[in-house]
Amino acid sequence: MIIDTHAHLYLEQFDQDLDQVMARAQENGVQKILLPNIDSKTIQSMYALEQKYPDMVMAMMGLHPCHVQEDYQEELIIIKKELDRRSFIAVGEIGIDLYWDKQYVVQQKEAFITQCRWAAALDIPVVIHARESLEILLDILEHIGLEHLQGVFHCFGGDRVALDRVRELGFYIGLGGVITYKSSNMGKVLRSSDIDRIILETDAPYLAPVPFRGKRNESSYLPFIVQKLADILDLPAGEIEKRTTNNAKRLFLREEL
Ligand SMILES: [Zn+2]
């Protein structure tokens, strides 16, 4: 069994063939798929997917940093309302993205800190999007004073120093298709012992692994990421599956394993 800890399967890219996408995921051993929210406009389609596949998908709630804009306070009110109304597997995805737009960096920071506090109060983990902002986010988490807050740096692409800081915080890293790209530095950064901190993800429909790079990504491609990770860490694929699944269960389902 594998868990895809990060997939946006509720987006319109899957409107035409969602049932096949879900069937292929199951055929390839993916039994749970976690859905990170983006903003107020994606909530309803995410809930619809959750209703259709209640045993397979689990929803998160949060405001994505690329969608922290002028109206971010109204957006946060909507997010908070949902968090108060029902339960979620995590607060996500939240973070800071300085790649696309640096205009709202102050607001992105504020929204991130606010949502971390909400997660801590609810005792659920955070799913973090860090793009050209890993240092800033690590600084925030090291000083925010939320000792029991747990979470994952999704699509982690940092160096060894950053990974050691993630480990020190007790956080996890999410790895996906990017580790199969030639440009990835994960082969140099990771040690076999890091297997205790790694969870798997696709970030579908984005960042498809080789040999599907550039195409629409989907959860059934996770075995390609498992295999690449097995090569990097020099561990059997079955071991990668088992360990990363246990990590995801520990983080999101609070199972003692
Ligand atoms: Zn995402």
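G95 stands opposite H129 in β5. The model is a predicted one: local features need pLDDT of at least 70, side-chain atom pairs count only at pLDDT 80 or more, and totals for chains, interfaces and linings use all residues. Residue numbers start from 1 along each chain as its sequence is written. Helices (H or I, at least four residues) and strands (E, at least two) are DSSP runs, numbered from the N terminus.

β4 and strand β5 (residues 126–131) pair in the parallel sense over six bridges. Two strands count as paired if DSSP finds at least two bridges between them. β5 is mostly covered, with five of its six residues buried. Buried means that 20 or more other C-beta atoms lie within 10 Å of the residue's own; exposed means 12 or fewer, and partly exposed is in between, with C-beta atoms placed from the backbone. V91 stands opposite V126 in β5. From β4 the chain crosses through α4 to β5, and this β-α-β crossover is right-handed. The term right-handed applies if, with the strands pointing away from the viewer, the path from the first strand over the helix to the second runs clockwise.

## The five-stranded sheet

Five strands form an open sheet in the order β4-β5-β6-β7-β8, and the pairing is parallel. β4 (91–97) and β8 (198–200) are the edge strands, and each pairs on one side only. From one strand to the next, the twist averages 30°. Axes are lines fitted to C-alpha atoms, for helices over the stretch in contact, and angles run from 0 to 180 degrees between N-to-C directions.

Four bridges join β5 to β6, which run parallel. V126 stands opposite G151 in β6. The chain gets from β5 to β6 through helix α5 (residues 134–143), in a right-handed β-α-β crossover. V127 stands opposite V152 in β6.

## Strand β6 and its surroundings

In a regular strand the side chains alternate between the two faces of the sheet. β6 is covered on both faces: G151 and F153 on one side and V152 and H154 on the other are all buried. Two bridges join β6 to β7, and these strands run parallel. The bridge partner of V152 in β7 is Y172. β6, helix α6 (residues 160–169) and β7 make a right-handed β-α-β unit.

Helix α9 (residues 237–252) lies across β6 (151–154), β7 (172–175) and β8. Its direction is at about 95° to β8. Contact between two residues means that their C-beta atoms, placed from the backbone, lie within 7 Å.

## The three-stranded sheet

Three strands form an open sheet in the order β1-β2-β3, with parallel pairing. β1 (2–4) and β3 (57–59) stand at the edges, each with a single partner strand, so one side of each is left without a neighbour in the sheet. Neighbouring strands of this sheet are turned by 20° against each other on average, direction ignored.

Strand β2 (residues 30–35) runs parallel to β3, joined by three bridges. L34 stands opposite M58 in β3. Helix α2 (residues 43–52) lies across β2 and β3, running at about 145° to β3.

## Helices α3 and α4

The axes of helix α3 (residues 72–85) and helix α4 (residues 105–122) come within 11 Å and cross at roughly 10°. That makes α3 roughly parallel to α4. Angles under 35 degrees count as roughly parallel, over 145 as roughly antiparallel, 65 to 115 as roughly perpendicular and the rest as oblique. Y72, L76, K80 and L83 in α3 meet Q107, A111, T114, W118 and L122 in α4. By class, this contact has six nonpolar, two polar and one charged residues. Ala, Val, Leu, Ile, Met, Phe, Trp, Tyr, Cys and Pro count as nonpolar, Asp, Glu, Lys and Arg as charged, and the others, Gly among them, as polar.

I78 also has its place in helix α3. I78 is partly exposed, with 15 other C-beta atoms within 10 Å. The C-alpha atoms of I78 and L63 are separated by 9.5 Å, and the two residues are 15 residues apart along the chain.
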